[in-house]
Amino acid sequence: MTIQDFDIQVASAQHIDYAEKICDEMAESAKARGTGIAQRSPEYVANKMLEGKAVIAFHRDGTWAGFCYIETWSHGDFVANSGLIVNPEFRKAGLAKAIKERIFKLSRTKYPDAKIFGLTTGLAVMKINSDLGYEPVTYSELTQDEDFWAGCKSCVNYDILMSKGRKNCMCTAMLFDPVEKAKQQEEKSKDMSRKATLFQRIENAIKSFSQELKIF
């Protein structure tokens with residue numbers, strides 16, 4: 001089984017019948033891992049589909065394979081790619097990474113100026129986020145929108161979060177900052193330009209020196 005066996009698309013009204021199954025699988029997956037999860041209702045997930053703020057994956061035989069959705073906070077200044085889930089039948093096929101890449105692309109298209117962040121306890125998701133350009137950050141760099149933190153109330157680790165003043169918890173915080181990434185890219189381009197200029201000067205100096213040797 002390869003990633004070519006799956007179709008990953010933006011979810012819509014035609015997919016809302018999968019909402020309950022998706023929520024059930026999210027809960028079962030968290031239970032199996034022994035980790036916390038901010039629970040979402042089938043109605044909430046269905047609404048994300050209707051808003052065009054989710055991606056859903058299917059195997060070529062039509063079986064539901066995976067899902068992820070977008071949440072916005074602080075008036076759209078922050079975006080979270082949440083609820084990543086893969087049908088157990090199709091794990092180990094690289095599907096989680098493909099879904100994350102697709103929802104990340106959708107997020108960048110819909111909210112090009114927003115900071116994209118995530119909270120996760122999964123090492124695999126951390127690796128995927130890192131490959132997409134996320135960097136580990138402190139909780140203080142995330143949205144301070146009360147509605148976001150209220151979503152953690154259904155997590156088994158909520159008491160830990162609150163006892164630490166929302167400064168840290170069991171999850172690792174990761175952030176993609178488009179402004180910071182643009183600055184990094186600009187600095188990288190300038191550095192490459194400086195190196196190219198230096199290389200050209202060295203090359204010209206060598207040519208000049210070679211010409212002088214020929215004269216003698």
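Trainee: Does Lys53 count as buried or exposed, and at what relative accessibility?

Mentor: Lys53 counts as buried, at 17% relative accessibility. Buried means under 20% relative accessible area, exposed means over 50%, and partly exposed lies in between (1.4 Å probe, protein chains only). This is a predicted model, where local features need pLDDT of at least 70 and side-chain atom pairs need 80 or more, while totals for chains, interfaces and linings use all residues. Residues are numbered from 1 along each chain as its sequence is written, and side-chain values use heavy atoms, leaving out hydrogens and water.

Now look at the partner. Lys53 forms a salt bridge with Glu51. That term means a side-chain nitrogen of Lys or Arg within 4 Å of a carboxyl oxygen of Asp or Glu. In this pair the closest N and O atoms are 3.8 Å apart. Glu51 counts as partly exposed, at 34% relative accessibility.

The structure holds 8 salt bridges. Take Arg60 and Asp5, another such pair, whose closest N and O atoms are 3.2 Å apart. This pair links distant parts of the chain, 55 residues apart. Arg60 sits in the loop between strand 2 (54-59) and strand 3 (64-73). Asp5 lies in the segment before strand 1 (6-10). Helices (H or I, at least four residues) and strands (E, at least two) are DSSP runs, numbered from the N terminus. Arg60 counts as exposed, because its relative accessibility is 68%. Asp5 is buried, with a relative accessible area of 11%.

Glu146 and Arg166 also form a salt bridge, and here the closest N and O atoms are 3.0 Å apart. They too join distant parts of the chain, 20 residues apart. Glu146 is in helix 5 (residues 146-150), and Arg166 is in the loop between helix 6 (158-163) and strand 7. Arg166 counts as buried, at 19% relative accessibility.

Next, look at helix 4 (residues 123-132). Its buried residues are Met126, Ile128, Asn129 and Leu132. They sit on the same side of helix 4, because they cover an arc of only 165° around the axis. The arc is that of the directions from the helix axis to the C-beta atoms. The face turned away from the buried side carries the exposed residues Leu123, Ala124 and Lys127. What covers the buried residues? Helix 3 (95-110), strand 5 (115-120) and strand 7 (172-176) are among the covering elements. Just after helix 4, Gly133 takes a positive phi of about 110°.

Now step back to the chain. It has 7 helices and 7 strands. From the N terminus on, the elements run β-α-α-β-β-β-α-β-α-β-α-α-β-α. The chain is more spread out than a compact globule, because its radius of gyration is 23 Å, well over the 17 Å that the globule rule gives for 216 residues. That radius is taken over C-alpha atoms, and the rule is 2.2 Å times the number of residues to the power 0.38. Along the principal axes, the C-alpha atoms fill a box of roughly 85 × 45 × 30 Å. Of the 216 residues, 39% count as buried. Contact means heavy atoms within 4.5 Å. Among contacts between residues at least 6 apart in sequence, 69% join residues at least 24 apart.
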